[in-house]
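Q: Hi, I've got a model open and would like to talk it through. Could you take me around it?

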Amino acid sequence: MVVARPLLTLLVATAISLVRLRNLIATIMLAGIFSLLSACLFMTMDAVDVAFTEAAVGAGIATVLTLGALALTTSREAIPERVPLLPIFIVLIVGAALVYGSLDMP
């Protein structure tokens, strides 16, 4: 469990950086790093099969496919003109439903 704390700290720092960046190439690279850190965390929890799948799919093929899609667009995210309230509302409702549904779990 001693190794898990630095990995969790790096995961949180990477997630915060992902949310704050506007450069899409850097965001894709950070998403690949996040997947590799997740794979390392799964290795520390002795879930080797999950770690291998996360490394292959999350850090490998997903990063390559996303970079390929980015080649067809611009490299900077457009700044939204207004705050999208409907998607935020839907995410909050679904999140609340998931939390409510998990309260009965043992």
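Predicted model: local features only at pLDDT ≥ 70, side-chain atom pairs only at ≥ 80, totals over all residues.

Q: Where does Leu-41 lie, and is Leu-41 buried or exposed?
A: Leu-41 lies in helix α2. Its relative accessible area is 12%, and buried means under 20%, so Leu-41 counts as buried.

Q: Thanks! Which residues make up the largest nonpolar core?
A: That core has 5 residues in all: Ala-4, Leu-7, Leu-11, Leu-37 and Leu-41. The elements giving two or more residues to this core are α1 and α2, the latter spanning 24-44.

Q: And which element gives the most to this core?
A: That would be α1, which contributes 3 residues.

Q: Let's stay with Leu-37 for a moment. Where is Leu-37 found, and what does Leu-37 touch?
A: Leu-37 is found in helix α2. Not counting residues up to four places away in sequence, Leu-37 touches Leu-7, Leu-10, Leu-11 and Thr-14.

Q: Why does Leu-37 count as buried?
A: Because its relative accessible area is 13%, while buried means under 20%.

Q: How far apart are Leu-37 and Val-91 in space?
A: They are 26 Å apart, C-alpha to C-alpha, with a sequence separation of 54 residues.

Q: You mentioned Thr-14. What is Thr-14 in contact with, leaving aside its neighbours within four places in sequence?
A: Thr-14 is in contact with Leu-30, Phe-34 and Leu-37, with those neighbours left aside. The place of Thr-14 is in helix α1, residues 4-20, and Thr-14 is buried, with a relative accessible area of 8%.

Q: Zooming out to α2, how many residues does α2 have, and how far does α2 reach?
A: α2 has 21 residues and spans 30 Å from its first C-alpha to its last. That is close to the 30 Å expected at 1.5 Å a residue.

Q: Which residues of α2 are buried, and what do they pack against?
A: The buried residues of α2 are Thr-27, Ile-28, Leu-30, Gly-32, Ser-35, Leu-37, Ser-38, Ala-39 and Leu-41. They pack against α1 and α3, with α3 covering 48-70.

Q: Good, now over to α3. What does Ala-55 touch, not counting residues up to four places away in sequence?
A: Ala-55, which lies in helix α3, touches Ala-39 and Gly-60 on that basis. Ala-55 and Ala-39 are 16 residues apart in sequence, and their C-alpha atoms are 5.7 Å apart in space.

Q: What is the relative accessibility of Ala-55?
A: It is 28%, so Ala-55 counts as partly exposed.

Q: What about the C-alpha atoms of Leu-41 and Gly-58, how far are they separated?
A: They are separated by 14 Å, and the two residues are 17 apart along the chain.

Q: On to the loop between α2 and α3. What is the phi of Asp-46?
A: Asp-46, found in that loop, has a positive phi of about 60°, although Asp-46 is not a glycine.

Q: Is Asp-46 buried or exposed?
A: Asp-46 counts as exposed, because its relative accessibility is 68% and exposed means over 50%.

Q: Last topic, the surface. Which residues form a nonpolar patch there?
A: The patch is formed by Leu-86, Phe-89, Ile-90, Ile-93, Val-94 and Leu-98, and together they have about 620 Å² of accessible area.

Q: Where is Ile-90 found, and what is its relative accessibility?
A: Ile-90 is found in helix α4, residues 85-102. At 45% relative accessibility, Ile-90 counts as partly exposed.

Technical notes:
Residues numbered from 1 in each chain as written. Heavy atoms only, no water. Helix = DSSP H or I, 4+ residues; strand = E, 2+ residues; numbered from the N terminus. Buried < 20%, exposed > 50% of the residue type's maximum accessible area, 1.4 Å probe, protein only. Contact = heavy atoms within 4.5 Å. Patch = residues over 30% accessible without salt bridge, like charges linked within 9 Å, V, L, I, M, F, W, Y side chains within 5 Å. Areas by Shrake-Rupley, 256 points an atom, 1.4 Å probe, with all protein chains shown as cover. Salt bridge = Lys/Arg side-chain N within 4 Å of Asp/Glu carboxyl O. Core = buried A, V, L, I, M, F, W, Y, C linked by side-chain atoms within 4.5 Å. Expected span 1.5 Å × (residues − 1).
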